[in-house]
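Have a look at the sequence and the model below. Turn the model around before you read on.

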Amino acid sequence: MTVAQPADVDATVRRATRADLLAVFRIEEAVFQQPWPYSAFERQLGTPGFLVAEASDPGAAVAGYVVADEVPGHGRPLGHVKNLAVRPEYRGRGLGKALLSRGMAALASQGARSVKLEVREGNDAARGLYEAFGFEYVRTLPGYYADGEDAYVLVASLEDRDGF
């Protein structure tokens with residue numbers, strides 16, 4: 001299996017703080033057709049898998065984020081990447097790779113042995129990123145999104161990885 005390594009990126013990935021919430025929420029609104037409410041991000045504060053990428057550009061702030069946590073997995077810890085977004089002007093710089101890598105590492109450190117996520121069927125860029133990290137198609141969720149688009153459920157093993 002080929003596992004993508006984060007690109008050299010001029011950003012710091014760190015745990016999200018309350019001060020980051022408005023920037024995260026603004027990215028969410030700019031990127032997604034069905035944005036999470038602000039309160040959903042508030043509930044994730046303090047979890048090891050709620051991370052932000054802070055660009056080092058002069059005057060830059062939060063350029064992207066990932067929300068990842070554990071869900072019940074029939075006796076085995078299962079990670080779930082719930083949300084990942086990068087501001088449009090920062091795309092193509094490796095921030096998505098860095099965030100996904102660190103989010104998966106946070107899940108592994110909590111004991112998760114595998115991780116799942118849902119992605120829009122038509123989101124080729126995101127699907128390419130996830131496939132580069134070893135995610136594989138499991139099933140389709142018909143009409144998952146409010147606009148009727150299907151979601152693909154993808155899963156990746158966190159075991160036997162050379163690192164994140």
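The paragraphs below go from strands to helices to the cores.

This is a predicted model. Start with strand β4, residues 78-86. Buried or exposed: which describes the residues of β4? Of its 9 residues, 8 are buried, so β4 is largely enclosed by the rest of the structure.

Now look at the partners of β4. On one hand there is β3, which runs antiparallel to β4 and is joined to it by 8 bridges. Within this pairing, valine 66 stands opposite leucine 84 of β4. On the other hand there is β5, which runs parallel to β4 and is joined to it by 4 bridges. Here histidine 80 has lysine 116 in β5 as its bridge partner. Follow the chain through β4, α3 and β5, and you trace a right-handed β-α-β unit.

Next come the helices. An α-helix has 3.6 residues a turn, so residues three or four places apart point the same way. Keep that in mind for helix α4, residues 124-132, where the buried residues are Ala126, Leu129 and Tyr130. Seen down the axis of α4, these residues fall within an arc of 95 degrees, so they line one face of the helix. What covers them? The cover includes β4, α3, β5 and β7. Just after α4, glycine 134 takes a positive phi of about 90 degrees.

Helix α1 spans residues 21-31, and its buried residues are Leu21, Val24, Phe25, Ile27 and Glu28. Around the axis they cover an arc of only 160 degrees, which puts them on the same side of α1. The face turned away from this buried side carries the exposed residues Arg26 and Ala30. What do the buried residues of α1 pack against? Their neighbours are α2, β2, β3 and β4.

Finally, turn to the cores. The largest nonpolar core has 30 residues. Val81, Leu99, Leu100, Met104, Val115, Tyr130 and Phe135 touch the most other members. Elements giving two or more residues to this core are β2, β3, β4, α3, β5, α4 and β7. The largest share, 6 residues, comes from α3.

Pick out phenylalanine 135. Leaving aside neighbours within four places in sequence, its contacts include Leu100, Met104, Val115 and Tyr130. Phenylalanine 135 is also in contact with Leu154, Val155 and Ala156.

A second, separate core has 12 residues. Leu21, Ile27, Val52 and Val62 are among them. Leu21 and Ile27 are also among the buried residues of α1.

Notes: Residues are numbered from 1 along each chain as its sequence is written. This is a predicted model: local features need pLDDT of at least 70, side-chain atom pairs count only at pLDDT 80 or more; totals for chains, interfaces and linings use all residues. Side-chain values use heavy atoms; hydrogens and water are left out. Buried means under 20% relative accessible area, exposed over 50%, partly exposed in between (1.4 Å probe, protein chains only). The arc is that of the directions from the helix axis to the C-beta atoms. Contact means heavy atoms within 4.5 Å. A nonpolar core is a set of buried Ala, Val, Leu, Ile, Met, Phe, Trp, Tyr and Cys residues joined through side-chain atoms within 4.5 Å. Two strands pair if DSSP finds at least two bridges between them. A crossover is right-handed if, with the strands pointing away from the viewer, the path from the first strand over the helix to the second runs clockwise.
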